[in-house]
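Subject: Handing over the structure

Dear colleague,

I am passing on the structure that you will find just below, and after it I have set out what was found there. Please read the notes with the structure open beside you.

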Amino acid sequence: MGQDGSIISYEEGNGSGSSMESSDSTYKIKFLYTCYYISTANEDYFIDIKTYTDDTQNADLIGVKYLIIVKADDMMKIYDGDEKILFDGTDEIDRYGVFIPDIY
């Protein structure tokens, strides 16, 4: 049994590993979505990660775009436009870096 804060288990979430690609003759961009459920001795968490694996117009953007951490029970709030975590209404918020929403 784990101590306080120790990871007890983790698993990839549904849809984890899905990717999107867009390109034309002058531009190519590709990104990967991954998510994980992590259980500790005290709490369950959901982690959502977006990683750019290719961007021919801006190579500096290749890598992790964002990593969002919430309690597992609050997972759907990430996608709720009223919460303004990844969306403001139906518009996507251009989020960068590690982000722990101010919903607690």
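The notes below go through the strands, the core, the aromatic rings and the charged pairs.

Please bear in mind that this is a predicted model, in which local features need pLDDT of at least 70 and side-chain atom pairs count only at pLDDT 80 or more, while totals for chains, interfaces and linings use all residues. Residues are numbered from 1 along each chain as its sequence is written, and side-chain values use heavy atoms, with hydrogens and water left out.

To begin with the strands, helices (H or I, at least four residues) and strands (E, at least two) are DSSP runs, numbered from the N terminus, and two strands are said to pair if DSSP finds at least two bridges between them. Strand β3 (residues 28–40) is joined to β4 by 11 bridges, and the two run antiparallel; they form a hairpin with 3 residues between them. Within this pairing, isoleucine 29 has aspartate 55 in β4 as its bridge partner. Strand β4 (residues 44–55) also pairs with β5 in the antiparallel sense, over 8 bridges, and here lysine 50 has tyrosine 66 of β5 as its bridge partner. On the other hand, β5 and strand β8 (residues 97–99) pair in the parallel sense over 3 bridges, with leucine 67 bridged to valine 98 in β8.

Threonine 51, which has its place in strand β4, is buried, with a relative accessible area of 19%; buried means under 20% relative accessible area, exposed over 50%, and partly exposed in between (1.4 Å probe, protein chains only). Leaving aside neighbours within four places in sequence, threonine 51 is in contact (heavy atoms within 4.5 Å) with Lys30, Phe31, Leu32, Gly63, Val64 and Lys65.

Turning to the interior, a nonpolar core is taken as a set of buried Ala, Val, Leu, Ile, Met, Phe, Trp, Tyr and Cys residues joined through side-chain atoms within 4.5 Å. The largest such core has 9 residues in all, namely Cys35, Phe46, Tyr66, Ile68, Val70, Met75, Ile78, Ile85 and Leu86, and its largest share, 3 residues, comes from strand β5 (residues 63–71). One of its members, methionine 75, is found in the loop between β5 and β6 (87–88) and counts as buried at 18% relative accessibility.

The structure holds 3 aromatic pairs. Phenylalanine 31 and tyrosine 33 form one that is edge-to-face, at 5.4 Å centre to centre with 90° between the planes, whereas the rings of tyrosine 37 and phenylalanine 46 have centres 5.2 Å apart and planes at 55°, so that pair is tilted. Phenylalanine 46 is buried at 2% relative accessible area, while tyrosine 37 is partly exposed at 29%. Phe31, Tyr33 and Tyr52 form one aromatic cluster.

A charge is said to sit over a ring if NZ of Lys or CZ of Arg is within 6 Å of the ring centre and within 35 degrees of the ring normal. The charged end of lysine 50 sits in this way over the ring of phenylalanine 31, 4.1 Å from its centre, and that of arginine 95 over the ring of phenylalanine 99, 3.9 Å from its centre.

Finally, a salt bridge is a side-chain nitrogen of Lys or Arg within 4 Å of a carboxyl oxygen of Asp or Glu, and by this rule the count comes to 5. Lysine 28 forms one with aspartate 54, with the closest N and O atoms 3.6 Å apart; lysine 28 lies in strand β3 and aspartate 54 in strand β4, so the pair ties together parts that are 26 residues apart in sequence. Lysine 50 forms another with glutamate 92, at 3.8 Å between the closest N and O atoms, linking strand β4 to strand β7 (residues 91–92) across 42 residues. Lysine 50 counts as buried at 3% relative accessibility, whereas glutamate 92 is partly exposed at 46%.

With best wishes

Key: Rings of Phe, Tyr and Trp (its six-membered ring) pair if their centres lie within 6.5 Å; planes under 30 degrees apart count as stacked, over 60 as edge-to-face and the rest as tilted.
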